[in-house]
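Please look at the sequence and the model below. The report then goes through some of the features one by one.

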Amino acid sequence: MQITKDTVVTFHYVLSEVDGEQIESSYDVEPMAFLHGHQNIFPKIEEALTDKQVGEKLSVALAPVDGYGERQEGNTQRVPMKHLLTKGRLKPGQSVKVNTEQGPRDATVVKVGLKNVDLDTNHPLAGKHLQFDIEVTEVRAATQEELDHGHAHGVGGHQH
């Protein structure tokens, strides 16, 4: 089966900086699944995956504008620690997740206080040129529930 609109695509990936070191790999955990054609993944990756099949491998390079965006200098915010989803001792340079009105967001610790933390609210990968090495592991037709919800569901169904 080819990857087309309304198919659920499962794939493994290795994410690296272009001409740089590896950032993360799904081979250590579960493959990623998404509903193709519903803007649930970077558009350039979705475009590159169109018409591919199980077993195919590809590499996709993303400029910052196509990935996590350009870094915005001065994007810092003081946040009460109670809003952090990341628990434990914090230190400058550490990546954390913070609860916002738009849902969880990634940020980087700049300074730690007693009750507040100063965060760089740029995504930790903002401004980076990235490369995704992808291996398609499964392609299937989406269920009606997935189409209704606009995203893929994991093993056993609904997971959000």
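Predicted model: local features only at pLDDT ≥ 70, side-chain atom pairs only at ≥ 80, totals over all residues.

Residues are numbered from 1 along each chain as its sequence is written, and side-chain values use heavy atoms, with hydrogens and water left out.

**Aromatic pairs**

The structure holds 5 aromatic pairs. Rings of Phe, Tyr and Trp (its six-membered ring) pair if their centres lie within 6.5 Å; planes under 30 degrees apart count as stacked, over 60 as edge-to-face and the rest as tilted. Two of the pairs are set out in the table.

| Pair | Centre to centre | Angle between planes | Kind |
|---|---|---|---|
| Phe11 and Phe34 | 6.0 Å | 80° | edge-to-face |
| Phe42 and Tyr68 | 5.1 Å | 85° | edge-to-face |

Phe11 lies in strand β1 (residues 7-17) and Phe34 in strand β3 (residues 32-35), so this pair links distant parts of the chain, 23 residues apart. Helices (H or I, at least four residues) and strands (E, at least two) are DSSP runs, numbered from the N terminus. Both Phe11 and Phe34 are buried. Buried means under 20% relative accessible area, exposed over 50%, and partly exposed in between (1.4 Å probe, protein chains only).

The second pair also links distant parts of the chain. Phe42 is in the loop between β3 and α1 (43-49), and Tyr68 is in the loop between β4 (57-62) and β5 (76-80), 26 residues apart. Phe42 has a relative accessible area of 17%, so Phe42 is buried. Tyr68 has 33% and is therefore partly exposed. One aromatic cluster is formed by Phe11, Tyr13, Phe34, Phe42, Tyr68 and Phe132.

**The largest pocket**

The volume of the largest pocket is about 430 Å³. On a 1 Å grid over the protein atoms alone, a pocket is an open set of points where a 1.4 Å probe fits, with protein on both sides within 12 Å along at least five of seven lines; lining residues have an atom within 4 Å of a point. A volume is the space filled by probe spheres set on the points, which are joined across faces, edges and corners.

Of the 18 lining residues, Tyr13, Leu15, Glu24, Phe42 and Tyr68 are the closest to the pocket's centre. β1, β2 (22-25) and β6 each supply at least two residues of the lining, and β1 gives the most, with 3 residues.

**The sheet**

An open sheet of 4 strands has the order β5-β8-β7-β6, with antiparallel pairing. β5 and β6 stand at the edges with a single partner strand each, so one side of each has no neighbour in the sheet. Two strands pair if DSSP finds at least two bridges between them.

Strand β6 (residues 95-100) and strand β7 (residues 103-112) run antiparallel and are joined by 6 bridges. A hairpin of 2 residues connects β6 to β7, and Lys97 stands opposite Asp106 in β7. β5 pairs with strand β8 (residues 116-120) over 5 bridges, in the antiparallel sense. There, Pro80 stands opposite Asn116 in β8.

**A helix residue**

Ala48 has its place in helix α1. Its relative accessibility is 23%, so Ala48 counts as partly exposed. Ala48 and Asp66 are 18 residues apart in sequence, and their C-alpha atoms are 13 Å apart in space.
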